[in-house]
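Here's a quick tour of one protein model, written for someone who likes to know the cut-offs. Have the viewer open as you read.

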Amino acid sequence: AREGTLARPDVTGHGDEAFGPERRSHSHFARVLGAYGQDATAGYSRAMRVGVMGAGAVGCFVGGLLADAGFEVVLVGRPRLFDELRAHGLTVADETASTTVPADALSLATSPDALKGCDVVLVCTKSRQTEGVAREMKPHLAPDALVVSLQNGVRNPDRLRQALPQDVLPGIVEFNVVWSDNAHFQRTTRG
């Protein structure tokens, strides 16, 4: 159920120039994630599979935007959230528009083993969970998966890089999200 058009915020952080040649192989992923409105299958034979490790307020908001744009989205989070999602779908909104993604359009999981086969994994956990989450995800990530830290704290990408062999990009979320009842996620500020 779409009402209006949601603004698509840039959550990918820096451009190619911020990374050495070893990181540029994933620049297309970053551009696609930064421009949610693009076709999720652009340049691919299938929709990109994006995992969200830590499906809380920010993770669900970004995951909802990606699912609405046609990406295959895997949310890894707590059972309480998934009960709400199954009952109401995932609603993302800003001050001008909202959209609801049906629960059956999302993969919902409580274990990081659901991240197998993801092209991109967005880490949206609290900073204090970074090392533990990296250990939990490591055996399940594809060797060529891109990991993007969408966490508070400038050290988190380095912590992920120390624990994971995959490329890790820092991301910036320049907005706040409020999680209210019935799996409704409202962006309340702009960057």
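## The overall picture

What percentage of the 191 residues of the protein count as buried? It comes to 50%, with buried meaning under 20% relative accessible area, exposed over 50%, and partly exposed in between (1.4 Å probe, protein chains only). There are five helices and 11 strands, taken as DSSP runs numbered from the N terminus (H or I of at least four residues for helices, E of at least two for strands). Among contacts (heavy atoms within 4.5 Å) between residues at least 6 apart in sequence, 67% join residues at least 24 apart.

Some housekeeping: this is a predicted model, where local features need pLDDT of at least 70, side-chain atom pairs count only at pLDDT 80 or more, and totals for chains, interfaces and linings use all residues. Residues are numbered from 1 along each chain as its sequence is written, and side-chain values use heavy atoms, with hydrogens and water left out.

## The largest pocket

The largest pocket has a volume of about 820 Å³. Helix H2 (57-68), helix H3 (79-88), helix H4 (130-137) and strand E10 (177-180) each give two or more residues to its lining, and H2 gives the most, with three. In total 32 residues line the pocket, with Gly-54, Gly-56, Cys-124, Thr-125 and Lys-126 nearest its centre.

On definitions, a pocket is an open set of points on a 1 Å grid over the protein atoms alone, where a 1.4 Å probe fits, with protein on both sides within 12 Å along at least five of seven lines; lining residues have an atom within 4 Å of a point. The volume is the space filled by probe spheres set on the points.

## Helix H5 and its buried side

Helix H5 covers residues 156-163, and Asn-156, Pro-157 and Leu-160 are buried there. They sit on the same side of H5 because they cover an arc of only 100 degrees around the axis, going by the directions from the helix axis to the C-beta atoms. These buried residues pack against strand E7 (120-123), H4, strand E8 (146-149) and strand E9 (167-170).

## Two loop residues

Gln-166 is in the loop between H5 and E9, and counts as buried because its relative accessibility is 6%. A polar atom of its side chain lies 3.0 Å from the backbone oxygen of Ala-142. Beyond its neighbours within four places in sequence, Gln-166 touches Leu-141, Ala-142, Pro-143, Ala-145 and Val-147.

Ile-172, in the loop between E9 and E10, counts as partly exposed at 35% relative accessibility.

Technical notes:
Polar contact = N/O pair within 3.5 Å; in protein donor to acceptor, adjacent residues only side chain to side chain.
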